[in-house]
Amino acid sequence: MQEFLVIIRGDGRPNTDSAQDMQQHLQNWQHWLHELMASGNYVGGQNLESEGLTVLNSTTVTDRPLAEGKELIAGYLVLRASNAAAAAELVKGCPSLPYGSTFEIRAIRQLHLS
Amino acid sequence: MTTSPNIHQAVNHLFRQASGKMVAVLVKIFGAENYTLVEDVVQDALLSGLETWKLNGIPDNPEAWLFRVARNKAIDIIRRKKHQYNIDFSSPEQLSPSTEYTLASTFDQYWQDQAIRDDFLGMMFACCHPDISPENQVTFILKSLCGFSTREVARAFLTSEDTISKRLYRTKEFFRTNDIRPVIPPPAQLSGRLDAVLNSLYLLFNEGYSATQHEQLVREDIIAQAIYLCQSLLDHEHTRQPRTSALMALFCFHAARIHSRLQSDGTIIPLSQQDRRQWDKALIASGNEWLNKAASGTALSPFHLEAAIAYEHCIAPGYAATNWKMILAYYDALLQLTKDPVILLNRSVALLEYAGAPAALQSLEVVQSHRQLNRYYLYHAVLGEIYKRMNEKDKAVASFEQARQLTTAQQEQQFLTAKIADT
């Protein structure tokens with residue numbers, strides 16, 4: 001088993017004003033995460049505010065990220081899976097996938113100690 | 001909103017019940033190993049309530065108010081201080097408050113009525129773990145689920161706060177080292193574990209019912225708590241067993257008589273001289289209802305029989321008119337279930353009334369050399385009564401004397417002194 005960082009880009013959600021639909025979307029998310037917790041694949045994660053700072057160099061700090069809209073990192077997860085492909089399969093269950101979120105899966109590198 | 005000048009008194013009862021529920025839910029969230037943290041959060045919530053309500057009056061749903069405060073404090077701790085306390089997030093259930101994705105929704109579920117009820121029962125089962133001694137079980141129940149302070153528990157057991165603190169510490173250590181969680185046991189274990197809980201409630205009730213306890217308020221408080229805990233078991237489908245109903249019936253019948261058992265100065269009034277008009281008819285009626293409910297199923301528990309005996313006393317128009325024959329039959333059935341010499345002793349009293357002193361004396365011959373019974377003041381008090389009826393004054397006085405030496409309770413000593421003078 002290996003750990004993977006899943007970077008979630010874009011706050012994929014139903015394009016609707018219906019509070020009920022939004023509520024359902026949130027419940028789908030919770031349900032998905034609880035499944036990952038129960039199966040032992042979940043390690044950690046948080047969702048992120050859209051505001052932030054970008055440090056470009058020692059003199060330039062901008063008060064927002066460079067990327068916008070669907071490029072924005074909406075949150076992250078740390079998952080446990082046997083390989084990247086298996087982690088990708090898990091991520092396919094994410095309720096934000098049908099609404100345009102994209103996911104970058106990166107294995108957490110373990111430096112070999114001598 | 002109601003504003004009460006004596007807010008402490010008004011919220012005392014509320015605090016007792018609310019704190020037990022909060023303890024149960026918070027133990028689930030933080031784990032029994034963080035019991036001190038749990039107590040801190042509960043205390044904080046109660047204090048906030050007291051402070052705020054002093055100024056603004058008691059809200060319409062004070063319990064929900066307290067739960068919301070406890071919930072927010074717990075969220076705060078999970079968010080900001082999870083590394084300060086060793087909160088275990090390793091199980092799937094404990095993982096879900098660890099992330100903002102599911103924190104709020106998980107906490108909303110934790111504080112729903114049904115979840116709180118389940119946790120409260122789960123905590124009862126945790127307190128009555130078979131590896132915790134009965135006296136430590138009862139001590140911890142009073143402290144954690146009934147909202148008693150260490151001082152109040154000490155008063156309830158007529159012992160020092162130091163002793164109680166040690167008992168509480170031992171139980172907390174047991175929780176910590178054995179990773180005890182507040183859960184209702186799975187069906188396969190439920191029956192045996194429920195017996196332990198019922199026995200513990202029985203002990204708790206006895207503590208309140210016992211005449212050795214002089215403070216009427218303390219006694220009534222403990223009795224009310226035992227009834228409340230038993231009601232919680234009856235409210236839940238898994239623990240609503242016939243023997244739970246039987247225990248409740250027993251509690252009702254005994255509780256109906258508490259006000260007629262002592263004079264205002266604390267002197268004991270024997271059953272034969274109690275004013276039966278003082279007995280609480282409403283409690284006797286609900287005892288009846290529970291006893292009827294207890295009659296379903298096939299298992300006969302000692303609680304059924306003890307309730308039946310108490311019922312016979314409650315419905316008898318007078319002491320002499322008591323159905324001693326029926327009571328004797330129930331004692332015989334009890335002896336079939338358990339070989340407890342104390343039951344044999346109680347049976348001899350029924351026999352004394354039904355068949356006379358010689359028969360009663362003979363029935364006690366088998367336990368004559370029983371060591372524990374010989375140190376039990378009631379054994380000698382009963383012997384005294386039997387000898388008195390047989391007109392054997394010397395033996396009667398000697399037995400009452402011995403009984404008086406064996407009890408430390410002042411009321412009982414007074415009672416026995418009066419007996420000696422009367423013999």
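This is a predicted model: local features need pLDDT of at least 70, side-chain atom pairs count only at pLDDT 80 or more; totals for chains, interfaces and linings use all residues.
**Entry 1. The interface**

Residues are numbered from 1 along each chain as its sequence is written, chains are lettered from A and ligands numbered from 1 in the order in which they are written, and side-chain values use heavy atoms, with hydrogens and water left out.

I then looked up polar contacts and found 7 residue pairs between chain A and chain B, both residues at pLDDT 80 or more. A polar contact is a pair of N or O atoms within 3.5 Å; within protein, one must be able to donate a hydrogen and the other to accept it, and residues adjacent in sequence count only if both atoms are side-chain atoms.

H1(A) gives the most, with 6 residues. Helices (H or I, at least four residues) and strands (E, at least two) are DSSP runs, numbered from the N terminus.

For contact, meaning heavy atoms within 4.5 Å, I read that 15 residues of chain A meet 11 residues of chain B. The size of an interface is often given as the accessible area lost when the parts come together. Here chain A and chain B bury about 1000 Å² between them, with 62% of it on carbon and sulfur atoms; the buried area is the accessible area (1.4 Å probe) that two parts lose on being put together, summed over both. In chain A, the residues that lose the most area to chain B are Gln30(A), Met37(A) and Gln46(A), together 45% of what that side buries.

**Entry 2. Thr102(B)**

I located Thr102(B) in helix H5 of chain B. Is Thr102(B) buried or exposed? Its relative accessibility is 0%, so Thr102(B) counts as buried; buried means under 20% relative accessible area, exposed over 50%, and partly exposed in between (1.4 Å probe, protein chains only). Leaving out residues up to four places away in sequence, Thr102(B) touches Gln30(A), Leu33(A), His34(A), Met37(A) and Ser96(B).

**Entry 3. Chain A and its sheet**

I count 2 helices and 6 strands in chain A, and from the N terminus on the elements run β-α-β-β-β-β-α-β. The C-alpha atoms of chain A fill a box of roughly 55 × 40 × 20 Å, taken along the principal axes. Of the 114 residues of chain A, 30% count as buried. Among the contacts in chain A with a separation of 6 or more, 75% come from residues 24 or more positions apart.

I traced an open sheet of 4 strands in chain A, in the order E2-E5-E1-E6, with antiparallel pairing. Two strands pair if DSSP finds at least two bridges between them. Strand E2 (42-47) and strand E6 (102-107) of chain A stand at the edges with a single partner strand each, so one side of each has no neighbour in the sheet. On average, neighbouring strands of this sheet are turned by 15° against each other, direction ignored.

Strand E1 (residues 2-9) of chain A pairs with E6(A) in the antiparallel sense over 6 bridges. I find that Arg9(A) has Thr102(A) as its bridge partner in E6(A).

Helix H2 (residues 84-91) of chain A packs on the sheet and touches E1, strand E5 (73-81) and E6 of chain A; its direction makes about 125° with that of E5(A). Axes are lines fitted to C-alpha atoms, for helices over the stretch in contact, and angles run from 0 to 180 degrees between N-to-C directions. Helix H5 (residues 100-110) of chain B also packs on the sheet, touching E1, E2 and E5 of chain A, with its direction at about 90° to that of E2(A).

**Entry 4. Loops of chain B**

I placed Ala256(B) in the loop between helix H12 (242-255) and helix H13 (281-294) of chain B. Ala256(B) counts as buried because its relative accessibility is 1%.
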